[in-house]
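The sequence and the structure come before the discussion.

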Amino acid sequence: MSTTIAPVSRAAELHRLALQISDDDPAKMRAVLDVAANVSRHYSARGEEVEIVVVAFNGGIEMLLADRSPVKERIANFIKSMPNVTFKACGNSLETLAAKEGRQPPLMPDVEVVEAGVAALVDLAEKRWTIVRP
């Protein structure tokens, strides 16, 4: 007796990508956003869904600060027009920055705070997300 297994449809799968930003470098921040936009467009053109999360920690936290992000306008546009892209800020990095500056740094709207950015990436990897550091 022969058993045939039907191939799994890739179109039915949700693609999941986590992008890491840990450097206070505007060029790397732009690269992360470029990758997010390109991957989102790629899968959209194929009729497939993709969920993308940008996780910022260490110096990369600067990307998500309302008062000084060098990519603030682009992130605001992402939040408005690309609901499949979300942003997470490392709580540990925010605490370190608050202690250094003597105030809580303001985050951009719709940014979620996670306890530890690296731990959030580990959790995503364990759930079979692809982790990329552009």
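A salt bridge is taken here as a side-chain nitrogen of Lys or Arg within 4 Å of a carboxyl oxygen of Asp or Glu. In this predicted model, Asp67 and Arg68 form such a salt bridge, with their closest N and O atoms 3.5 Å apart. Asp67 is partly exposed, with a relative accessible area of 40%, and Arg68 counts as partly exposed too, at 28% relative accessibility. The two residues also belong to a network of salt bridges that links Glu62, Asp67, Arg68, Glu101 and Arg103.

The structure holds 10 salt bridges. One of them joins the side chains of Asp23 and Arg133, at 2.6 Å from N to O, and this pair links distant parts of the chain, since Asp23 lies in the loop between β1 and α1 while Arg133 lies in the segment after β5 (130-132), 110 residues apart. Another is formed by Glu48 with Arg46, whose closest N and O atoms are 3.2 Å apart. The accessibility of the residues in these two pairs is set out below.

| Residue | Relative accessible area | Class |
|---|---|---|
| Asp23 | 21% | partly exposed |
| Arg133 | 46% | partly exposed |
| Glu48 | 10% | buried |
| Arg46 | 46% | partly exposed |

Glu48 falls in the buried class because its relative accessibility of 10% is under the 20% limit that defines buried residues.

Phe78 and Phe87 are both buried. With aromatic rings counted as a pair when their centres lie within 6.5 Å, the count comes to 1 aromatic pair. The rings of Phe78 and Phe87 have centres 6.3 Å apart and planes at 85 degrees, so the pair is edge-to-face.

Two further residues show how individual positions are surrounded. Met29 is found in helix α1 (residues 26-45) and counts as buried, at 0% relative accessibility. Not counting residues up to four places away in sequence, Met29 touches Ile21, Asp23, Asp24, Gly59, Gly60, Glu62, Met63, Pro70 and Val71, among them Asp23, which pairs with Arg133 in a salt bridge. Between the C-alpha atoms of Met29 and Gly91, 62 residues apart along the chain, the separation is 19 Å.

Gln20, placed in strand β1, is buried with a relative accessible area of 16%, and its side chain makes a polar contact with the side chain of Ser22 at 3.4 Å. Beyond its neighbours within four places in sequence, Gln20 is in contact with Val32, Val55, Phe57, Leu121, Val132, Arg133 and Pro134.

Definitions and conventions:
Residues numbered from 1 in each chain as written. Predicted model: local features only at pLDDT ≥ 70, side-chain atom pairs only at ≥ 80, totals over all residues. Heavy atoms only, no water. Phe/Tyr/Trp six-rings, centres within 6.5 Å; stacked < 30°, edge-to-face > 60°. Buried < 20%, exposed > 50% of the residue type's maximum accessible area, 1.4 Å probe, protein only. Helix = DSSP H or I, 4+ residues; strand = E, 2+ residues; numbered from the N terminus. Contact = heavy atoms within 4.5 Å. Polar contact = N/O pair within 3.5 Å; in protein donor to acceptor, adjacent residues only side chain to side chain.
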